[in-house]
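Keep the viewer open and try each task before you read on.

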Amino acid sequence: MELVRVTTDAWGREVLEGISWDLLPVAVAIGAFVIVAHALWRFTRKGRKS
Amino acid sequence: MANEESGQRVLRHAAVDRLFHWLTALAVLTLLATGLSTVLGLKFSWVPIHWITGVVLTLAVLFHLVRAAFWQKLRCMWVGVRDFRDTLAHRPPGKYSLAQKLMHHAMSVVIVTAVATGLCMLAKVDTPWWKRNPYFFSADAWGIIYVLHGLAALLSITLIMIHVYFSLLPEKRLYLRAMWRGWITPAELAAHHDPRRWQGQRGERA
């Protein structure tokens, strides 16, 4: 998986083009992981309290 | 509940701040939808919507910065050692909890990065005020600007997901109501906040 996109300019030099869009599912996955982890922690804490 | 029924309320967010919040939310969602449309394979003329919404977001952020600096208490948002101590000891916070402050600051860094790089990228767009100039920055500088803009977009997706999740939790829904209608009840204030550090503004519900 690439972190950035690179291209070649008119002189054949490699230049940065932008962030790699391969990271889009990673951003969503990190958000989903935090949500699921917190939901599980909340559920187990509730279970212990009752 | 008695306070809710009796109509007492504590103002948490003024109307102008709620308007800023929802305008910013709408702008950021529009920017993400238009900016990522090509990544997701959609083809339409997204650039005009994107840059105009970006200018609206820039103006909203500038307004918020000025209002926060001169009309609001910046100290309310300051993260100090006390915030960590109170959180670990389960002591109620002042107006904002540590988590709320950290979310605000993370979102601020992301939005300001997106706005600053987006303003640079306006040089590549034809607007009513200027013609595009793709040579305004060097190729290397453009690369860094695009990477930072894209990184801000990706981080904002993660932060928005987490922000929306927490705002919908039953025990946090008072803050969603406060951001929509402005107020919490005195009972909620007593249960979730330290009244010595934040009392809000008392009044009757309309």
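What percentage of the contacts in chain B between residues at least 6 apart in sequence join residues at least 24 apart? Among those contacts, 70% do; two residues are in contact if their C-beta atoms, placed from the backbone, lie within 7 Å.

Before the next task, some conventions. This is a predicted model, in which local features need pLDDT of at least 70 and side-chain atom pairs count only at pLDDT 80 or more, while totals for chains, interfaces and linings use all residues. Residues are numbered from 1 along each chain as its sequence is written, and chains are lettered from A and ligands numbered from 1 in the order in which they are written.

**Exercise 1. Outline chain B.**
Step 1: take the elements, which are DSSP runs numbered from the N terminus (helices are H or I, at least four residues; strands are E, at least two). Chain B has 8 helices and 3 strands.

**Exercise 2. Describe how helix 2 and helix 6 of chain B pack.**
Step 1: helix 2 (residues 15-35) and helix 6 (residues 139-168) of chain B meet at an angle of about 125°, and their axes are 11 Å apart. Axes are lines fitted to C-alpha atoms, for helices over the stretch in contact, and angles run from 0 to 180 degrees between N-to-C directions.
Step 2: classify the angle. The two helices of chain B are therefore oblique to each other, since angles under 35 degrees count as roughly parallel, over 145 as roughly antiparallel, 65 to 115 as roughly perpendicular and the rest as oblique.
Step 3: find the residues. Val28(B), Leu32(B) and Gly35(B) of helix 2 touch Ala153(B), Ser156(B) and Ile157(B) of helix 6.

**Exercise 3. Locate the largest nonpolar core.**
Step 1: a nonpolar core is a set of buried Ala, Val, Leu, Ile, Met, Phe, Trp, Tyr and Cys residues joined through C-beta atoms within 7 Å; buried means that 20 or more other C-beta atoms lie within 10 Å of a residue's own.
Step 2: this core has 18 residues, and those touching the most other members include Val110(B), Ala114(B) and Ala152(B).
Step 3: helix 6 of chain B gives the most to this core, with 7 residues.
Step 4: look around Ala152(B). Beyond its neighbours within four places in sequence, Ala152(B) contacts Val110(B), Thr113(B), Ala114(B) and Thr117(B).

Conventions:
Buried ≥ 20, exposed ≤ 12 C-beta atoms within 10 Å, placed from the backbone.
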